[in-house]
Amino acid sequence: MSSRDAELIERWQRGDASAFEDLVRRWQQPIARFLYRFVDSVDVTRDLCQEVFLRVYHAGPRYRENGAFAGWLYQIALNVARDAGRRSRHEPVSLTSQEVPDHRAASEAVFQQEETARLIAQAIAELPEDLRLVLVLRHYENLSFEEIARITRTPASTLKSRFAAALTRLRIRLKELGLGPEETEE
Amino acid sequence: MNCSAIRNRLPLLLYDDLCPVETANIEKHLAACAACQREFEALQGVQQNLGLLAAPTVQIDLTRFYRRAAALQERGRRRWRRLAFATVSAAAILLGCVLTLRLEARVEGHQFVLRWGSPPEGQNVVAPPAQDAKPEIARTVEKLPVAAATEEQIRLLSELIHALADNVQSVERREQQDTAQLQTRLLALQHQNAQRWSALERTVESLYQSVQKGE
């Protein structure tokens, strides 16, 4: 965790509400990005993001600073995403139904890029949750396996195996969907 | 390492998660093995594709956030009040039962004794000395601390109820302080928003006037 987070938490715990607001501004985008890989719409992501910070707000006074704020925050976000998944009972959680903008005005290149993004989202959504989680935290959030291990309470060696499995599955699935580089070679 | 073992490590090589020695070994293998090299390039393609997936921009509305936090706090307070009320009621009922029924519970020898009402007449009266006078006196003397124990139980229950009531009051005071803080923050935010809005209006107005002057 950066010293900036530690400083903000300290100020917030002393009763400075603006420090909490700074924390929200600092972390809302990474948390939204993380949640977006587990839910199926921007609106749901926005609501869940608020839910994460509400939990942080209520649990804040009990938080003990130990340099693991990011891990604590992602842990809360993961619990919120899981609760939302249980509530909605979407199986598999579908990213394929993400809001797709109107393509009519878009150029062919933009349309192609959006279609590619849609297929990638679909391939990620089809991954089992444990593989998806490690993929999202390693690739999109750029966390180390040791940090992910603290968040998920899973050994780093297991996470490395899961990450390798996730990437391999994605390679195979993207190839099936016509996005693999081998397809052009074969 | 054979090709299968190498391929399992390729995703970690791609994300620089291997130690320098292992990295060097695998890179050496890749230079000599076309199939593994193709697999590695395919994984690089996956990594690039993952980068195409954008995430939405989310900005939390702090005014709405504080309003929701206050509502949740209020709901929590109501729940706590209901729980405290139920606990105090249960304790009061228990105390009432103890007092009216003159309940008495104790372990005697190898048995648990639950007794209510007044003891049978004459039980507390010391019997005239007889052959088995010694055990009878002992039983009567045993009864004497029972009344004291009941008094003690009542006193403890009464203290418990008072402690619970104090606890409820302190929790409620704390919750009220939290809610007041939230409301203050909410008002401050609203005030800030109003100030920003009027500043924006002034800017727009001056821009409009300068545009009109320019024309």
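Analyst: The secondary structure of chain B comes to five helices and two strands, where helices (H or I, at least four residues) and strands (E, at least two) are DSSP runs numbered from the N terminus. Read from that end, the elements of chain B run α-α-α-α-β-β-α. This is a predicted model, in which local features need pLDDT of at least 70 and side-chain atom pairs count only at pLDDT 80 or more, while totals for chains, interfaces and linings use all residues. Residues are numbered from 1 along each chain as its sequence is written, and chains are lettered from A and ligands numbered from 1 in the order in which they are written.

The part to look at is helix H1 of chain B, residues 3-14, whose twelve residues reach 16 Å from the first C-alpha to the last. That is close to the 16 Å expected at 1.5 Å a residue, the expected span being 1.5 Å times one less than the number of residues. After H1(B) comes Asp16(B), which has a positive phi, near 55°.

Within H1(B), the buried residues are Leu10(B), Pro11(B) and Leu12(B); a residue is buried if 20 or more other C-beta atoms, placed from the backbone, lie within 10 Å of its own. Buried residues make up 8% of the 215 residues in chain B. What covers those of H1(B) includes helix H3 (34-50) of chain B together with H8 of chain A.

As for the contact between the chains, 35 residues come from chain A and 28 residues from chain B, two residues being in contact if their C-beta atoms, placed from the backbone, lie within 7 Å. Among the helices of chain A that each supply at least two residues of the side touching chain B is H8 (156-176).

Key:
A residue is buried if 20 or more other C-beta atoms lie within 10 Å of its own, exposed if 12 or fewer, and partly exposed in between; C-beta atoms are placed from the backbone.
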